[in-house]
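Here is a friendly note to read alongside the model. Please keep the structure open while you go through the points.

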Amino acid sequence: MIRVEHLKKNFGQLEVLRDVNANIAKGEVISIIGPSGTGKSTFLRCLNLLDQPSGGEIFIENENILNKKANVAKIRQKMGMVFQHFYLFDHLTVLQNVTIGPMKLRDKSKVEAAERGMELLKMVGLAEKADAYPRNLSGGQKQRVAIARCLSMDPRIILFDEPTSALDPTMVSEVLGVIRSLAKQGMTMVIVTHEMSFARDVSTRIFYMDEGVIYEEGTPEQLFDNPQREKTRIFINRIRNLEYRINSPDYDLYALNSEIEAFCQKHFFSPKMQHNILLLTEECLQVVPLTGGLDYLLTYSEKSSQVSLRLILPASTGMIFGADKEPDTISLAIINGLTESLTESVVDDSLIIEMILKK
């Protein structure tokens, strides 16, 4: 249904999309996730030329919509778009909002458009609101009307640009329910969303966008359970990091402790967890040699509530906690008491010590 090759989009000197490639088959539901400002909505707007691409090609059912000879208006009728803001006509009733497109653009009679409009309003659960005006609707109801209006043009593809981001949390489920229904009917959809559980539930594939490209893609199981790339893993697990560089044994312990305390307070750690992190840090730095410097990485996953500490040293340091080593026994006892696990590994030129703290 959609093929994208080397798509680029610049806004002046700002490169938003730099090399986007994608293939989307009939009946697929693609959710696009990623941090804000990584081009997700711009990609969607380029697909139906609301934003003119700076380079690359876009094929809709094998027709290149960037070809100067292409009948863009006709091709765009195959795609409907639902925005995060509803853009309903305030002076028209709900039914009139749904029927105006087919009557103006597809030469449908008023009776024919109204019959189809009522079918769609029933489908989204709003038939009883047909004669109401948008000002009398909740945000969730307005978005469902917007979906019905989109469907009134009989699109083959629907693009959703964060359809729930402007809604009160209590209204999100009613809109997602309609989208789930469309997915079951086999509608081809591309959805930019921050609703991770919804994306996992409804999608056939997930695109994770970062750095102006589709950074990683796969099935929901692949992307959510076993992401292959670091930025994807950080985003999926909503991981927060504190990084600190120690260059010598004469490092500033008070400055490091201050950074740790600020990190703990920012993420609402319990006083006990903050105390354990500070104690673990102090004992580890008593044990490991610091002559070659050390990278300190404290990591917190909002998804699992797991806190881990990673110390990265030169590989030449040699194993510290191996069976043939005898680190300070008191420090080692404290470290073992504070952690669920402790592993050591050598990767390239680095010794990596990974510890997961007890909750």
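The points below cover how to read the model, its nonpolar cores and its cysteines.

1. This is a predicted model, in which local features need pLDDT of at least 70, side-chain atom pairs count only at pLDDT 80 or more, and totals for chains, interfaces and linings use all residues. Residues are numbered from 1 along each chain as its sequence is written, and side-chain values use heavy atoms, leaving out hydrogens and water.

2. Start with the largest nonpolar core, which holds 35 residues. A nonpolar core is a set of buried Ala, Val, Leu, Ile, Met, Phe, Trp, Tyr and Cys residues joined through side-chain atoms within 4.5 Å; buried means under 20% relative accessible area, with a 1.4 Å probe and protein chains only. Among the members that touch the most others are Leu 121, Ile 147, Phe 160 and Met 189.

3. Elements giving two or more residues to this core include α4 (110–123), β7 (157–161) and α6 (169–184). Here helices (H or I, at least four residues) and strands (E, at least two) are DSSP runs, numbered from the N terminus. With seven residues, α6 gives the most.

4. A second, separate core has 33 residues, including Ile 277, Cys 284, Leu 298 and Met 355.

5. How many disulfides are there? The count is zero, taking a disulfide as a pair of cysteine sulfur atoms within 2.5 Å. Cys 264 has as its nearest cysteine sulfur that of Cys 284, 15 Å away, which is too far for a bond. Both cysteines are buried: Cys 264 at 0% relative accessibility and Cys 284 at 1% relative accessible area.

Note on methods: Buried < 20%, exposed > 50% of the residue type's maximum accessible area, 1.4 Å probe, protein only.
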